[in-house]
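The sequence and structure are shown first.

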Amino acid sequence: MTTDQDLPINAQSSTALFPANGIDVTSNKDKGVIKIVTHQGLDGDRPMIGDKVTIHYTGRLLNGKKFDCSRDRKEPFCFNVGKGQVLKAWDSGVLSMQRGEVCTLLCKPEYAYGTAGNPNKIPPSSSVVFEMELLKFEGETLTDDGGILRRIKVRGDGYTNPNDGASVDVHLEGSCGGRLFDCRDLSFIVGEAEDKGVPLGVDRAMDKMQKGECCFLYLKPKYGFGIEGKPEYGIGPDKDIIYEVTLKDFQRAKESWEMDLIEKLNLATEIKHKGNQYFKAGRHYQAVIQYQRIVSWLEMECGTGMEQQKMIQDFILTSHLNLALCFMRLQEFTQVVENCNKVIELDERNEKALYRRGEARLLRNEFSLAMADFQQVLHVNSSNRAARAQISVCQSKIKEHHEQDKKIYANMFQKFAERDAKTGKTKKRWDDGKWSGVNGEVAIKRRRSQDFKS
């Protein structure tokens with residue numbers, strides 16, 4: 001690890017030292033960022049485009065004046081490298097580093113703060129020096145649960161990405177435990193990749209990719225081949241897998257605003273059928289994708305005339321009910337409640353929505369809310385025996401919960417009482433000792449007084 005004293009202290013030494021000993025780390029080799037390694041990092045991997053990197057840095061003018069330092073804040077800095085979130089010099093420099101490496105970067109204005117500089121800190125058109133330490137890096141997380149990590153090997157072109165329903169041409173190489181099990185060129189529809197034996201994680205990463213991009217996708221079992229594995233590939237259950245994916249070309253599907261209502265309604269019929277097929281096959285994530293497409297197309301549509309309005313509402317209600325059922329199978333109970341709420345906003349007496357919301361709330365241990373839902377079901381259909389049975393379950397759970405609370409509070413109060421009793425005994429012993437000590441002192445004083453008198 002270097003210190004501030006390792007940095008050049010004036011413009012003359014800086015401009016002389018870097019060209020003589022440094023490395024040009026810019027992509028077009030224009031010497032806009034020159035790097036000198038002051039502490040070698042660990043041999044091995046370097047960050048890739050999009051990786052989340054954690055660094056410490058100190059920024060100085062060429063005269064040695066410090067203008068920024070993460071160590072002064074006692075907190076490292078994190079960003080996704082190569083994404084334009086930071087100075088161009090940082091993207092170029094960090095992509096060239098290894099974990100644990102410390103380096104110094106001499107950065108020309110066009111790679112730092114430009115012609116404007118930074119008011120009160122950096123004069124216009126100033127070259128600056130940064131000391132950088134790369135603490136750690138990891139792939140870009142594409143899902144909230146961390147099930148898909150992406151590391152970009154080759155950056156793509158343009159600013160558009162495939163969307164659900166897009167047709168994509170890709171090259172795939174899948175590996176597990178260092179063994180290549182899949183290598184092929186193919187085309188598929190985004191949202192329907194598993195029809196071609198492509199795992200869900202690859203499908204879900206498509207809308208983050210650009211044409212020409214090559215990336216590594218690290219997939220947890222949920223986004224790979226799950227608990228079933230893939231026997232034809234020799235993949236056992238619950239295995240992490242890696243796919244190297246190259247997006248060669250794609251054709252985007254029409255967006256909602258590019259279609260008229262008639263086209264949306266016709267497509268919704270096809271997509272609903274596709275979703276139902278996925279659901280019956282137990283492929284609930286894929287079914288969710290299809291039903292969500294219908295909602296995105298129709299939720300803002302009004303229609304012209306009663307017939308169209310009814311068709312739209314029927315599609316919306318059915319899609320939300322089906323989504324609730326899919327999320328129930330996936331044990332994502334919050335999503336179940338949210339989709340049932342959407343149905344109940346449109347039809348407050350919808351028996352299926354009330355029942356499924358009650359089921360989800362029961363599984364979330366919201367017993368009183370669940371019981372209210374099942375009671376609502378009986379108001380709608382008094383002969384619903386399943387709802388009546390669930391009310392009994394809720395009542396039993398509420399009683400059981402109350403009994404547990406009683407035991408908890410009883411034990412708590414018992415412990416308080418024992419502690420108070422123990423504290424009382426200790427205080428009494430202390431008081432007794434105190435009074436015996438006082439009495440002893442009084443007795444001694446009396447004897448001394450008698451001795452003096454005699």
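Helix α6 (residues 306-329) and helix α7 (residues 333-346) have axes that come within 8 Å and cross at roughly 160°. The axes are lines fitted to C-alpha atoms, for helices over the stretch in contact, with angles running from 0 to 180 degrees between N-to-C directions. Helices are DSSP runs (H or I, at least four residues) and strands likewise (E, at least two), numbered from the N terminus. The two helices α6 and α7 are therefore roughly antiparallel to each other (angles over 145 degrees). Their crossing is left-handed, that is, the near helix is turned anticlockwise from the far one by less than a right angle.

On the α6 side, the contact (heavy atoms within 4.5 Å) is made by Gln 313, Ile 316, Leu 317, His 320, Leu 321, Leu 323, Ala 324, Phe 327 and Met 328. Helix α7 contributes Phe 333, Gln 335, Val 336, Asn 339, Cys 340, Lys 342, Val 343 and Leu 346. By class, this contact of α6 with α7 comprises 12 nonpolar, four polar and one charged residues. Ala, Val, Leu, Ile, Met, Phe, Trp, Tyr, Cys and Pro count as nonpolar, Asp, Glu, Lys and Arg as charged, and the others, Gly among them, as polar.

The model is predicted: local features need pLDDT of at least 70 and side-chain atom pairs count only at pLDDT 80 or more, while totals for chains, interfaces and linings use all residues. Residues are numbered from 1 along each chain as its sequence is written, and side-chain values use heavy atoms, with hydrogens and water left out.

Across the whole structure, a search finds 14 aromatic pairs (ring centres of Phe, Tyr or Trp, the latter by its six-membered ring, within 6.5 Å). In one of them, the rings of Phe 77 and Phe 79 have centres 5.8 Å apart and planes at 35°, so the pair is tilted (stacked is under 30 degrees, edge-to-face over 60, tilted the rest).

The table gives relative accessible areas (buried under 20%, exposed over 50%, partly exposed in between; 1.4 Å probe, protein chains only).

| Residue | Relative accessible area | Class |
|---|---|---|
| Phe 77 | 31% | partly exposed |
| Phe 79 | 4% | buried |
| His 284 | 16% | buried |

His 284 lies in helix α5 (residues 284-298). Not counting residues up to four places away in sequence, His 284 touches Phe 279, Cys 326, Arg 329 and Leu 330.

The protein chain contains 10 helices and 13 strands, and 43% of its 454 residues count as buried.

Key:
Angles under 35 degrees count as roughly parallel, over 145 as roughly antiparallel, 65 to 115 as roughly perpendicular and the rest as oblique.
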